[in-house]
Amino acid sequence: MFPLRVRRLGVSSALLYITALHPARAHADGTAVPYLFIDAQTSAAASLSPLSERFSPPAGATRPPLAPRSFAAWLRPLPLLPPGSPVHLFDGREKPRQDVHAAVVALDVPPRDLQQCADAIMRLRAEYLLALGKPDRIAFHPDPGRPRALTYSGHGRADFMRYLTRVFAEAGSASLQAELPPAQGAVQPGDVLIQGGHPGHAVLVLDVAVAPQTADRPARRYLLLAQSYMPAQQFHVLRNPRDPALSPWFDEATLDTDPGLATPEWRPFHRHDVRRFPVP
């Protein structure tokens, strides 16, 4: 099966993990938002590293500051498996295409073909809200245009995973697109590029870097993107197929061009495909 087994952590153990992996985010007052899906002992053996350390911004760009404890700040140092790790499918087999990813996120995949593209994004959003201490904010609306909500009211990891299985089975890219409002302004970490349908596809913006305007170049914004796919598989950081020199970063400006921002396994995305989760 997978090279990493993940289980539930208590908050104190998770903060110990965060302290070891990226001490700047773990404070004595417990303000860091932990990754509850990581087993601290296993993570040390697996040599995990944070996304923000694995991938430096493009030349001339820097990462903008983010609001503490925000979804964006939680995603920026997302733990990654060691370099060169393959992407595995839900059944433990390697994904046939191993040329689309730059890194694999240390997020487990339940052993059913359910945690696909939008599902993995909903999983990460739910994991964040749970770790933030706001489980009452975890809700997804599986019927586009209708008020029915799948809300979380359980206790413990087993209840949480049972809830997610129901979400994965009933919700998807079409419903997630319908419930997320269009993003206003520049793309931010935590935004979703989504084309709902059956099938549809969604990718998550994990981080952003900004290059200021110069005498010979306009200002630029760059995006780090990640996806799961069909069949259900490990969540992975995407390579940029159109610009290998920039990869794994993508130029946000391509969202405004024809044909758009191209990812390795789906049709291009455009500015109107960008959606944003509300502030919890």
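Which residue forms a salt bridge with Arg97, and how many Å apart are the closest N and O atoms?

**Close-up 1. The salt bridge of Arg97 in the predicted model.** The partner of Arg97 is Asp99, and the closest N and O atoms of this salt bridge are 2.9 Å apart. Arg97 is partly exposed, with a relative accessible area of 36%, and Asp99 is likewise partly exposed, at a relative accessible area of 42%. Side chains of opposite charge can pair when their charged atoms come close.

**Close-up 2. The salt bridge between Arg148 and Asp143.** Here the side chains of Arg148 and Asp143 meet with an N to O distance of 2.7 Å. Arg148 counts as partly exposed because its relative accessibility is 36%, a value that lies between the limits of 20% for buried and 50% for exposed.

**Close-up 3. The salt bridge between Glu252 and Arg221.** The side chains of Glu252 and Arg221 meet at 3.0 Å, N to O, and this pair links distant parts of the chain, its two residues being 31 residues apart. Glu252 lies in the loop between strand E10 (249-251) and strand E11 (261-263), whereas Arg221 belongs to strand E8 (residues 220-227). With a relative accessibility of 4%, Glu252 counts as buried, while Arg221, at 21% relative accessibility, counts as partly exposed.

**Close-up 4. A network of salt bridges.** For the predicted model, the count of salt bridges comes to 18.

Terms used: Residues are numbered from 1 along each chain as its sequence is written. This is a predicted model: local features need pLDDT of at least 70, side-chain atom pairs count only at pLDDT 80 or more; totals for chains, interfaces and linings use all residues. Side-chain values use heavy atoms; hydrogens and water are left out. A salt bridge is a side-chain nitrogen of Lys or Arg within 4 Å of a carboxyl oxygen of Asp or Glu. Buried means under 20% relative accessible area, exposed over 50%, partly exposed in between (1.4 Å probe, protein chains only). Helices (H or I, at least four residues) and strands (E, at least two) are DSSP runs, numbered from the N terminus.
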